Amino acid sequence: MNRRRQAATAWLFLSPAVIFFVLLFFLPIGNQLLTGLYDADGVNFVGLDNFTRALGDPEVVHSFLITLGYAAGTLVVGTAVGLGLAVILNQAIPGRTLFRSVLLIPYLTSVSIIGLLWRNILDPQVGILNRLLDQFGLPGQTWLSTHPLATIVGITVWSSAGYTMVLFLAGLQGIPGLYYEAARIDGAGPWRRFFSITLPLLTPTTLFVSIIGLISTLQQFALPYIVTGGGPGNATSLYAHRLFLVAFNDNDFGYASALSVLLLLVVLVLSLVQLKIGDRADAAH
Amino acid sequence: MPALSSLDRRSFLRLGLGVTVLGAVGTGCAPATPKSGSTDSRTFTIYWNAGHAYKAYQQVIDQFGKDHDLVMNWQKFQWPDLTTKLTADFRSGNVPDLVEEVSAGTGTQYGLDRNVLALDDLAKADPGFGFPDDFITAAVSARQYEGKTYSIPLHLTANGLLFYNKGMLSAAGFDQPPATWEEFLEVAKATTKDKVSGTSLNSDFSYSAPFYNQQNVAFSNVSAKQFLEPAAAARVALQYMQDLVFTHKVSPAPVATTDYSGPQKLFSAQRAAMFLSGPWDIGPIRQGSPDIDLGLTVPLTGTTQSASMAGGGLMIPAKAKDPKLSWELITRLAAVQTELAASKEAGMSMPRKSWAADPSVASDPAMGVIAKALAIVAKQDVGLSASGKAAQINELYKKAYQQIIIQHAPVEATLADFRKQAGAAL
């Protein structure tokens, strides 16, 4: 097969995906970009005004900063929890298949159900948790009011830990046992084996987990919307919630489109940075 | 074709990851593509509040479907979701046939945007319906702007009624419910013990309206670009509410949520002795906790005695398939017989004069209390709805209210911040 034919074959196989993404993703993104150049009514061309306005909008800046905090918290804690669970359940412990399945259930559950579930658990007045604490004579919690963002991070980590665990399990099972055997013979203890073999060889998995996690956390909307409605005040009004309010509350689709394009750019830049860091880490090992 | 010939495995993987990332990001950034069910001409779609899906309305809607050989698609939402869906529908042009309006003024806002119809001509052509003569003036005028009416009142209620547990008040030594703010605080303190709170404030900002109305505070004066004025009186109202939670500790701090039923649930669980709300909470309490000796009385008196007007209406989207058919359903849903049936079922109060005059209503003690509250509802500023900025400004007030009541933010500074932002939004 000559090169020209090889390339043609490649494009033939790629074409369904390319057509799919062009029609369903790139065209809408282009449409968003265009809409972002117009005013609220979509009539008057305002150029980059909507984009520059976003940079000076305190509500947008606030929502962006707390979204970064939410994403960082979720990624760090979520990755650590998922990796920890994977390492534990990669051992030959009784009932590990059951544990793996149970841990995956929250990820398979709709975010609406998860939101309602936790709202009913954590409600300080009528929630199940405080009733349980009360049964044991313990003081009630008010986390949804005192630490709302951390609570949302906790719920997200809980719901995604099973998925992260499965990814890390797959990565762990791809590491040849030979490496550990050699390290043992050289006298390396469990921590040394973990930090010198497991973690470096899990770099591609960690990279995948962090990129996909970052994308989903920066776009998070439903969970805080259902659990706290973005409150109290605007403590859990993440960027996507602010975008939603601008579109559906303020009826300003031009500005909302600009905000969504800015989000796209931020996610792209952060993803590229992660890829670069991942490439370097990969090369170092 | 050197570029193509270099498509090795690494390039494919890079391209794949890039496309995946863009695709994943794009999923979140792509515009919503709303789906509405009213494309089929034999399907009649109604958007309704989930809390108002009474059997009385179900029967009317079912009969309407039979009479016209229509498939009735009665969709029920929480208020914020109904608003979101409707906005998306108006944007796409694929709209329902009839919509329950969130509150007086929403129809005006949509009407001025030409998304819902002015209904005056349909009402004039149908004198048997009795609009506007048989409707209480306040409910009608709150839906009118520059001589046009954009929705027909469905419910007319007053927020600020005092719900109280007669047994708890009696046990604390009170034979009568409180009538003033001072008495309310006194009773709340006396009934707060162990796991019972004297009262329970709502996380929904609209429940603060009776409090500031009772200090003669107007939420908005759009022509003067002022909000929550006079400022000193607004501060007194919000400070009183904040003190109930943090200083006197007679109310738990509410939880930020889109659900406004928290205080009713606490009251029904006999963990709150009193709370302020509207007629919509009578049904859940009577049905869910029949053992509670429920007391219901008129709104409190601060500087003045006042309630806030509540209750939604019915509006027809401008692009509805057959506005005359939609109007016919309005006339059935807002008929006095339907109103009486819904009142009997759920305790909801209604806007028709003939409903108020009906013996079953006139002799009902709860309805008597509601009627007194309706007589003292504070006037609404229709200019705010007409400005098209009501939702945006309400969101700003929601933030300020939750900061004060839940997060214990300083009242004066928070209100000043709200006024500044609301003024800028106008």
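Q: Is S257(A) buried or exposed, and what is its relative accessible area?
A: In this predicted model, S257(A) belongs to helix α14 (residues 253–284) of chain A. Buried means under 20% relative accessible area. S257(A) therefore counts as buried, with a relative accessible area of 5%.

Q: Which backbone oxygen lies 2.8 Å from a polar atom of the side chain of S257(A)?
A: Beyond residues up to four places away in sequence, S257(A) touches Q32(A), T35(A) and G36(A). The 2.8 Å distance runs from a polar atom of the side chain of S257(A) to the backbone oxygen of F253(A).

Q: How far apart are the end C-alpha atoms of residues 253–273 of chain A?
A: An unreviewed UniProt entry lists residues 253–273 of chain A among those under "transmembrane region". In the model this span is 100% helix and 0% strand. Its end C-alpha atoms are separated by 30 Å.

Q: What is the distance between the end C-alpha atoms of residues 64–89 of chain A?
A: Residues 64–89 of chain A are also listed for "transmembrane region" in the unreviewed UniProt entry. The chain over these residues is 100% helix and 0% strand. The distance between the end C-alpha atoms is 36 Å.

Q: How far apart are the end C-alpha atoms of residues 64–274 of chain A?
A: The annotation "domain: ABC transmembrane type-1", from an unreviewed UniProt entry, covers residues 64–274 of chain A. The span is 78% helix and 0% strand. Its end C-alpha atoms lie at a separation of 19 Å.

Q: Which side chains make polar contacts with the side chain of S151(B)?
A: S151(B) sits in the loop between β5 (148–149) and β6 (152–153) of chain B, and is buried, with a relative accessible area of 1%. Leaving aside neighbours within four places in sequence, its contacts are E101(B), L119(B), R143(B), L314(B) and M315(B). One polar contact, of 2.9 Å, is with the side chain of E101(B), and another, of 3.2 Å, is with the side chain of R143(B).

Q: What distance separates the C-alpha atoms of F131(B) and T331(B)?
A: F131(B) is in the loop between α6 (120–124) and α7 (137–141) of chain B and is buried, with a relative accessible area of 12%. Not counting residues up to four places away in sequence, F131(B) touches A123(B), V140(B), T149(B), I152(B) and P153(B). T331(B) is 200 residues from F131(B) along the chain, and their C-alpha atoms are separated by 9.7 Å.

Q: What is the volume of the largest cavity?
A: The whole structure holds two cavities of 30 Å³ or more. Residues lining the largest cavity include T199(B), N202(B), F211(B), M241(B) and Y401(B). By class, this lining has eight nonpolar, three polar and no charged residues. The volume of the largest cavity is about 70 Å³.

Q: Which elements give two or more residues to the lining of the second largest cavity?
A: The second largest cavity contains about 30 Å³ of space. Its lining has three nonpolar, three polar and two charged residues. The lining residues are L396(B), K399(B), A400(B), Q403(B), T414(B), D417(B), F418(B) and Q421(B). The elements that give two or more of them are α20 (390–405) and α21 (411–425) of chain B.

Terms used:
Residues are numbered from 1 along each chain as its sequence is written. Chains are lettered from A and ligands numbered from 1 in the order in which they are written. This is a predicted model: local features need pLDDT of at least 70, side-chain atom pairs count only at pLDDT 80 or more; totals for chains, interfaces and linings use all residues. Side-chain values use heavy atoms; hydrogens and water are left out. Helices (H or I, at least four residues) and strands (E, at least two) are DSSP runs, numbered from the N terminus. Buried means under 20% relative accessible area, exposed over 50%, partly exposed in between (1.4 Å probe, protein chains only). A polar contact is a pair of N or O atoms within 3.5 Å; within protein, one must be able to donate a hydrogen and the other to accept it, and residues adjacent in sequence count only if both atoms are side-chain atoms. Contact means heavy atoms within 4.5 Å. On a 1 Å grid over the protein atoms alone, a cavity is a set of points where a 1.4 Å probe fits but cannot get out, and a pocket is an open set with protein on both sides within 12 Å along at least five of seven lines; lining residues have an atom within 4 Å of a point. Grid points are joined across faces, edges and corners, and a volume is the space filled by probe spheres set on the points. Ala, Val, Leu, Ile, Met, Phe, Trp, Tyr, Cys and Pro count as nonpolar, Asp, Glu, Lys and Arg as charged, and the others, Gly among them, as polar. UniProt positions are given in the numbering used here, feature names are shortened, and annotations may be inferred rather than shown by experiment.
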